[in-house]
Amino acid sequence: MTINETEKCGYELLKSGEVVGIFPEARIEESRVIFKLSHGVNLEVSEKRARETFSPERAELCGLIASDGTICKYVRTHEVSFKNVDCELIDGFCRLADEVYDIKPHLYSTSHVTKEGEKREYYRAVIYSKKVAYDLWMFGVKGPGYYEFHPPIEHLDEEGIKAYLRGFFSGDGNVSLCKDGQHEFRVYSSFREGLEEIREMFEMLGFHPHEVREEDKEITPEGIRKRFYFTIPEEDHLKFIEEIGTRKAEFKRKFELIKSINGRRED
Amino acid sequence: MYAATVWGWGERFEDVGRNCKKHVDKRWKENIKECKIEIMASERNDGVCYWLTVYLSSPRDVEKIAEDLFYTALFKGDTKVDFVNTYLFDSMVSNKVVCRKSIDEVRNEFDMFIKEVAKRFRSDSKIEPIAKVKKVEFNVDVCLICELESTVANKVVIDAIHWDFELLSNFVKSLIDDLIEKELASRVLGYGLRTGSTDSLEIVDIGQRKEMVFVRLERRNKPFDKNVDS
């Protein structure tokens, strides 16, 4: 394949001398060319292949939806929603939705006031759009079962993988930080297959995640549902903070503390 | 026993009570002696996985109680409620859940368990050389159980899992306060601890500090088969 820059319409993509595509924008990198399509989908052309890849914004949005989001079809509407207690995360979801789909989600909150007068809120950002729902379903981002998700690995480059993991971890991740400085990073899901795929993505980036485990049967109450998780070893925590990061305010605070703990360790 | 998941994350919050009532009303026959409503949730800031369970002898107040239980969990820190499950039994199963120890007794039990773990793993080839120069701390998930008396139900039970006992007991204490505030429970009857055996534990992570070493242990895993439904 070859690429021609034209004065009139931007860039032409040619295969055996025939024009197969015209694109107004292109980003030329060392080993590939990225053409912008729509809704955060790009066309990546390299010597080896051409494939559709997700922009980091779209990838992160997909990660958020795979964790705390839902795609539902109701009688009259289609809803893509995201629920969380963290305002920054909800705000992040809205900005990503706006950037990818040019849609501003509707915001709702459910609140509760304790006897002490403390207000606790749960936020919900909703996109009412059949077009968005089908666009995400088409790539298996979430569903058809409530908990089913598959990371769209074949559409993610390295930046996309990082962005997807940032989104997923901001929802279904956990950073435990105890007062004696111990820290643990866990990733949860009720859907084991999807979680195994998430784990593989960490491996692709050079992390050393532990194997996926079922919650300890010897200590959990007997029940009809299971939950799965894997942990990221401590040796990878700084790499995680630098390369993946989070949009969640509480995790950002903990990341700063972990960096200072590790800084002290090196002194 | 009839058991079903009547609500899962992604469904509307306001459907919880209605779904529970619908399932319980449909299945409640003469032979049913007790039903159990179970909220399975995880608090993501501290990483505590927990279950709130209420036992009832009548289907009458299921909707209201399920809703109150659900919202108690939902507003606890950064909680995600994974599932709401209902179970119906032809016998009184709540009698079998008895936890009557004090929190101090349970704390001692936890300390004993950690000592047992340390005894078993101190001589491990990865730990022995470090243990000679640094203090070693072993971390294993445990489950703290709390049995609560209730005026609206036969019993309310909390099961919560984490490896830091102080964090866990503070978390359970704050859940107890919320349950009492919502009038789902009236007082604590006692506590219990589930530790599992040390036989199947394995070392998964070693965190080094200047003067300390943290050793994380987990139970040995079964290999994952994609063809078996998770």
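Me: The model is a predicted one. Is A:His39 buried, exposed or partly exposed?

Reply: A residue is buried if 20 or more other C-beta atoms lie within 10 Å of its own, and exposed if 12 or fewer do. A:His39 has 16 C-beta neighbours inside 10 Å, so the class that applies to A:His39 is partly exposed.

Me: Where in chain A is A:His39 found, and about what phi does A:His39 have?

Reply: A:His39 is found in the loop between β5 (32-36) and β6 (41-46) of chain A. Most residues other than glycine have a negative phi. A:His39 is not a glycine, yet its phi is positive, at about 50°.

Me: A:Ser16 also has a positive phi of about 50° without being a glycine. Why does A:Ser16 count as exposed?

Reply: A:Ser16 lies in the loop between β2 (10-15) and β3 (18-23) of chain A. A:Ser16 counts as exposed because its number of C-beta neighbours inside 10 Å is 7.

Me: Which peptide bond involving A:Pro144 is cis?

Reply: A:Pro144 belongs to the loop between α3 (130-138) and α4 (158-172) of chain A. Most peptide bonds are trans. Here, with omega at about 5°, the cis bond is the one that joins A:Gly143 and A:Pro144.

Me: Which strand of chain B gives the most to the side that touches chain A?

Reply: The contact draws 46 residues from chain A and 47 residues from chain B. On the side of chain B, the largest contribution is 4 residues, and it comes from strand β4 (residues 79-89).

Me: How many residues on that side of chain B are polar?

Reply: The side of chain B that touches chain A has 17 nonpolar and 17 charged residues. The remaining class, polar, has 13.

Me: How far apart are the centres of domain 1 and domain 2 of chain B?

Reply: Domain 1 of chain B covers 2-99 + 143-194, and domain 2 covers 103-139 + 199-219. Taken over C-alpha atoms, the centres of these domains of chain B are separated by 32 Å.

Me: Which element gives the largest share of the side of domain 1 that touches domain 2 in chain B?

Reply: The contact takes 7 residues from domain 1 of chain B and 6 residues from domain 2. On the side of domain 1, the elements that give two or more residues are α5 (165-181) and β8 (187-194) of chain B. The largest share, 3 residues, comes from β8(B).

Note on methods
Residues numbered from 1 in each chain as written. Chains lettered and ligands numbered in written order. Predicted model: local features only at pLDDT ≥ 70, side-chain atom pairs only at ≥ 80, totals over all residues. Contact = placed C-beta atoms within 7 Å. Nonpolar A, V, L, I, M, F, W, Y, C, P; charged D, E, K, R; others polar. Domains from an automatic or database assignment.
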